Amino acid sequence: MASTAGARQLLRHPGAALGACGLAAVFAAATVAGRIAPDGHRRLSADFSQAPSLRHPMGTDAIGHDLFLQVLHGAQKSLQVAMVVTVLATVTGTTLGALAGYRGGWVDSLISRLTDLVLTVPVIVVLVVAAARLREQRESWLVIALLISVVAWPQTARVVRAAVLSVRERTFVSAAQALGASPLRILVVDVLPNAVAPIAVSATLTMATAVLLETALSFLGLGVAAPETSLGRLVATGQSAAGTRPWLFYFPGIVLVTMCVCVAAIGEGLRSALDPGRDDR
Amino acid sequence: MVVLALTGACTGSRDSPGAREAARKSADLPGLQAEMEERGDRGRLVYAAEQEPNGFNGSTSRNATIGVKNVTENIFFYAVKARPDSGVDYVGLEREPRPLPDRPQVIEWQIRKDAKWSDATPITVADIQYYFEQVMLKDPAKVSAGNPDGWANDVANRVGYDQITRFTRVDDKTFQAEFEPAYGDFRGMWTDIPQARFMQAQPGGWDTGLNDTPGPSAGPYLFKEWNKGESLVLVRNAEWWGSPKPTLDSIVFRFLPDAASSVAALRNQEVDMIYPQPQVDLVAEVRRLDGVRHSIGFGPTFEHLTFNLKHEQLGDKAVRQAIAWGVDRNRIVQALLRPFSAQAARVDNSVVLLGQRGYEAHGADYHSPNPARARAALEGAGYARGAGGYYEKAGRRLSFRLSTIGGNQLREQQAELMRSQLAEVGIEIRFETLTPRDFFGVHLPSGDFDIANFAWSGGPFPISAAKQVWSTGSGSNYGGYSSPAFDRAAERGARELDRERQLVLANEMDRALWDDLAVLPLYQKPTLLAVRNTFVNISDNPTNEGPFWNAQVWGVRKPS
Amino acid sequence: MARFLIRRLLHSVPVVVVSSFLVFAMVAASGDPLAELRGRPGVSDATVALRSEQLELHKPVHERYLGWAGSAVRGDLGTSVGGEPVAPMVLRHLGVTLRMVLLAVVVGIAGALVVGVGTALRPRSVLDRAGSVLSMVLLATPVFWLAGLLKDVGIRFNELVGRTVVFTAGERSPATGASVASVVADRLGHLVLPTLTLALVAMAGWSRFQRAATIEVLNAPYVQSARARGLPERRVVGVHALRNALIPLTAVVATDFAAILGGAVLVEVVFAWQGMGRLLLDAVARSDVHVATGWLLVTASVVVVLNLLADLVYAALDPRIRNP
């Protein structure tokens, strides 16, 4: 088991450390802003379409929103979406993947077909069709997060299934079986801990995917609904302003890309920390 | 089908003996453009069309879109077209249609003697009559619960035509129609009419016969080809009977569904003309382009707030007044429209709009916001400040949903503005965005809204349009408005044949709306036309006609 | 091998059927395609009733699906809400999208090979690190953002050369010159930007993958032994390493295919291509059940077929699979 050594490895990985710090910084800033001025992102000033200044570090939009507060709020919403998706998709994917890999037979067939079902259909279609209908609900960010989870779990399921398959035949598992341990116990105690590395890595992938999918949906006008906002929504609505009021496009865009890069860096770090055998020479 | 742009406010009478000359002359001098620039020969114009047609019979509900009309406007027969100055040209007629002196219920039309289709057959009463019969065709086999009269064809709008009790052919070019009751907007009838012979020969007939091709042309251009999903090409109709003759070889409709991509395409020389819904950044981008000129107009479509009068609190006029005094319409215009148009202004009439003849600014009390008066009105009605600074009465807070269509930045922004303005006067607004389907199909008809923000197209016939929207029990009367004063004026207006008296009644209708504050008009929607400088004589017609109204005079700039 | 392919194909049939029903039901439940018509002033109830009759809106969903599926088996995918037959419509859009996507996949694979192998040969070099950071940033960039950026670059390039070389809208110009050269140039000019966008994103992921696979193969005993036998390095990398390192990439490309189609939706919107993406968005916006389901049927079939193709390539590259 590589957990403590892995953690040390992870911290030694400069990219991952940087990624973790970056993500934590965004999260902290958004939380603090949310505490200090809970409604700040919706407050309107008389400054319409102002370029960045001391008063408005990221400028304002056409009706006087302070973009800095909007970006912070949006980042918080995007992170919320990403977290919900990551947790849901990872739990679902791990459960189903482990079940398929461990039980085999018809369970495996059924789950594999289900996985195929989601992977054969371009993800965006499910989102587009469902989002068009459901996002009108209150708490649209949650709806969007649930929808993305529905399409995001199969990747994890596949990875976990493969990992479980390779672990299943190992001696310590057969030994546990011989000792009469229950299948659930074997799965949780013996099999899954050995699949932590791929699960963790695919969780980071899921997180980045969630942020990007939410952004894509916003661009298609199907993301988080007004008056809520998210980074994706800010980037998407700011796109038309890229040439004329660039701050509306670049600030949320930069924060968004930074966030995704941070997540990816953590994933890379996890990969090499938890699975040092596969690291480059 | 009906000219969708007759403003009901027509300029000078043209039924004098010299009517024909006058009609000709008006075609020679298109609209407000006092002089026509000289044109070079030939040339091809590529237009970035946001909507692709799905067939050409614009009278069906399937094809009644602006994307179809832009194409057929220069192909089908039009008795009349609206001009930018809200006058009309009787382009297909010998003279203005007129009531018979002894029987004012009977109107007579006379098609131009020289009018003919591009296959050289004359345009006759047979074309008109076939169109009329198809619009009114009934089939006992189609009777059903939803269609008790057994209408046979898909027709978007039968208004006016369903008041014709008798259609009479006088000769090949002349016909009369008898109306019961009288129909004041008869001047706008008989537009977008395809050739009868062609349609009859199509297996699909009225509903789908024109799905792939519009058939012969009665206008300055001919349909040439349509590559679905890409482009549609019109070419010059050299045999056209009108004047001045078109000089452009072809007009290409390039289907670019996204406004942002059409600006880039204009900049990249891929298209020559765009007509997108303007927005601050879009206009700024267009302004920066070299060799392109642009104009911003204000069409007959206006944004407004419709109040649900059946809502317990909104049913109270004092509450509506407080909203009207709380919303700063000037500031909305200043934030959202002024950045690209100095002429942008709030509109104070929901029936006759700014730029139309007969416009009167009503509702003077509400021209500027007045938070103090808003609060006073609420307190006078028994409301008191409660939690969060919002007014409440009997434990019920003044808190309304503001419903609108999602995904429209302008709407979302103005909703945010209104939310913050109304919070100032102690009224809470919760913003609700819906899909167009749910908004128009479910929430509005079922009355599941408090305040709705959308747009009405007020242009075509001020009286018919407003009557459909606000008269008691009408299908589009979503707010549940009912006023004897309005109904009386609307009823009289619909039968009034005299244009000046129509205008008086139209304004009377609007005064009733203001008296009851059933609707709060905000501003008219802007239009943006941008054209490459190598083309001349192209101008917007901010009635519902759009820029294609005078395509016969378009041309390339004459090399100097 | 043939049996394996047929089994794969049979496995995917229920997947396609189930997903088509799901989309059919979801779009049918998503709203009333005539709602806007109902809200339009002047449109009579009778007209709405007529249209509703034509669209069979009064029937229950499963009945409508069975009716549709019955004719779909015979190749008729029904008509759209707008009255156009769906089958030719979908095929037209498919052609547009496939042209973009297939080219993007080819360019993406080529790029991934060059970058992946190149960086694998010199791990931890400056180039390798740059590639790693760049691909991480590319993967973290929203596709439409990248597309918009490339579009701007393209226009600036045109303005620099003084004529329109690369196009930003649509898949070809209307009525270009008759010569083959001008038609080809025009098509390519339209293809460059959208293809590049998709290819760059695909490349970002694949090149990292190819790099890892190559490193693993280079360390494998048989490559070491080839080196020991004194084969020139060029031959070691080119023949032994590359061939085996291609196997995992094929699998990844195949599984990513659906994702690329998803990305193509966004690219199509930015570059105003009337491909499958636009078709789907419009269908959903209009609650157009037949078009959306036809879209799904065709797209899923394409994904299945391409996955099969990938299996074939896989088998050709890996001798172990051919004789199971």
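## Strands, rings and helices in a predicted model

In this predicted model, strand E12 (residues 292-307) of chain B and strand E19 (residues 519-532) of chain B run beside each other in the antiparallel sense, and their pairing extends over 12 bridges. Within this pairing, Glu303(B) stands opposite Tyr523(B), a residue of E19(B).

Both strands belong to an open sheet of 10 strands in chain B, whose order is E8-E9-E10-E1-E11-E19-E12-E18-E16-E17 and whose pairing is mixed. Strand E8 (221-227) and strand E17 (428-434) of chain B stand at the edges of this sheet with a single partner strand each, so one side of each is left without a neighbour in the sheet.

Aromatic rings provide another way to look at the fold. How many aromatic pairs does a search of the whole structure find over all chains? The search finds 37 of them. In one of these pairs, the ring centres of Tyr47(B) and Phe253(B) lie 5.8 Å apart while the ring planes meet at 90°, and because planes over 60 degrees apart count as edge-to-face, the pair is placed in that class. Tyr47(B) belongs to strand E1 (residues 44-49) of chain B and Phe253(B) to strand E10 (residues 250-255) of chain B, so that the pair links distant parts of the chain, 206 residues apart. Tyr47(B) and Phe253(B) are both buried.

Trp109(B) lies in strand E5 (residues 106-110) of chain B, whereas Phe186(B) lies in the loop between strand E7 (174-179) and helix H4 (196-201) of chain B, so the pair ties together parts that are 77 residues apart in sequence. Trp109(B) and Phe186(B) are likewise buried, and both belong to one aromatic cluster, whose members include Tyr131(B), Phe167(B) and Trp206(B).

Some rings in chain B also have a lysine lying over the face, as the table sets out for Tyr78(B) and Trp226(B).

| Lysine | Ring | Distance from the ring centre |
|---|---|---|
| Lys81(B) | Tyr78(B) | 5.2 Å |
| Lys228(B) | Trp226(B) | 4.9 Å |

For chain A, an unreviewed UniProt entry places the feature "transmembrane region" at residues 79-102, 114-134, 140-160, 199-226 and 247-267. Residues 79-102 of chain A are 100% helix and 0% strand, with end C-alpha atoms 33 Å apart. Residues 199-226 of chain A are 75% helix and 0% strand, and here the end C-alpha atoms lie 34 Å apart.

Technical notes: Residues numbered from 1 in each chain as written. Chains lettered and ligands numbered in written order. Predicted model: local features only at pLDDT ≥ 70, side-chain atom pairs only at ≥ 80, totals over all residues. Heavy atoms only, no water. UniProt positions renumbered as here; feature names shortened; annotations may be inferred. Helix = DSSP H or I, 4+ residues; strand = E, 2+ residues; numbered from the N terminus. Phe/Tyr/Trp six-rings, centres within 6.5 Å; stacked < 30°, edge-to-face > 60°. Buried < 20%, exposed > 50% of the residue type's maximum accessible area, 1.4 Å probe, protein only. Lys NZ or Arg CZ within 6 Å of the ring centre and 35° of its normal. Pairing = 2+ DSSP bridges.
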